[in-house]
Amino acid sequence: MKNDFSYNGKIIQYEIIRKNVKSINIRVKPNGEVVVSCNNSIDEKTIELLMIKKANWILKTIEQYKVNLIDFQQINLKLVDGEAFLLLGKILRIQNIYSSEFKVESDNNYLYIYRPSNFGIKQKFQKWYSEFMLSTFTGLVKKSYDKFKKYGIEMPEVIYKNMKTRWGCCNTEKKIITLNSQLIKVDEFLIEYVICHELTHLKYRNHSTKFYSFLNAMIPDWKERENILNKIFINEISGGI
């Protein structure tokens, strides 16, 4: 049964599923559907009050999942005010600001492009985007590597490229991890899963039982993260690693 309530001018719909659980569990599916599971002793008013309490989190999570409603490839980006731009799990709106020098900044809502003129703006933006991507990926690999180095795993070189069928790959001979450039559009905790998967390949080359046992020790909720990642852009990326 579908229920709904209004919060800050937005209607939040949710479905209640009765099952044998001790607490009230709220889950937002990748398609934006909200599901509440609880036992038969919980009345609907109690559920609605909890939903209102969690409304900010619900709306934020729904917004994050909306990335699959926007063109994944961001082809023909015009860099005009109000244009949607995906960055690390956030849907940002571009806002141009006149400035004497070019730079790019962001907050939770906007991607600010400071520009002296429109001349060469796409090339300048692409250069910034490429540098931001490599810096972000390298930083996240270094952060995850701290858990792996005690197992004798070497710090790999990090590169990126656009891949149509894989989120990442690892060259175990050259110690190079390649990440799909499209990963820069998703939340860091999803990128972390791909990185940990590839770092594990530096210890176990194939997807053996030992590989998954080690991966599970490094990142216990890897399967949940993998499922989320594979559902976000299911039409564009097959989810292979």
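In which sense do β9 and strand β11 pair, and over how many bridges? In this predicted model, where local features need pLDDT of at least 70, side-chain atom pairs count only at pLDDT 80 or more, and totals for chains, interfaces and linings use all residues, β9 and strand β11 (residues 176-180) pair in the parallel sense over 5 bridges. Residues are numbered from 1 along each chain as its sequence is written, and side-chain values use heavy atoms, with hydrogens and water left out.

The secondary structure of the protein chain consists of 6 helices and 11 strands, with helices (H or I, at least four residues) and strands (E, at least two) taken as DSSP runs and numbered from the N terminus. Along the principal axes, the C-alpha atoms of the protein chain fill a box of roughly 60 × 55 × 30 Å. Of the 241 residues in the protein chain, 43% are buried, that is, under 20% relative accessible area with a 1.4 Å probe, protein chains only. Among the contacts (heavy atoms within 4.5 Å) in the protein chain with a separation of 6 or more, 46% are between residues 24 or more positions apart.

The pairing of β9 with β11 belongs to an open sheet of 3 strands with mixed pairing, in the order β9-β11-β10, two strands being counted as paired if DSSP finds at least two bridges between them. Because β9 (157-161) and β10 (168-171) each have a single partner strand, they stand at the edges, and one side of each is left without a neighbour in the sheet. The twist in this sheet averages 20 degrees from one strand to the next, where axes are lines fitted to C-alpha atoms, for helices over the stretch in contact, and angles run from 0 to 180 degrees between N-to-C directions. Helix α3 (residues 121-145) lies across β9 and β11 and runs at about 135 degrees to β9.

An open sheet of 4 strands, also with mixed pairing, has the order β5-β6-β8-β7. Its edge strands, β5 (84-87) and β7 (103-106), each pair on one side only, and the twist averages 35 degrees from one strand to the next. Strand β6 (residues 90-98) runs parallel to strand β8 (residues 110-115), to which 6 bridges join it, and N96 stands opposite I113 in β8.

Note on methods:
Buried < 20%, exposed > 50% of the residue type's maximum accessible area, 1.4 Å probe, protein only.
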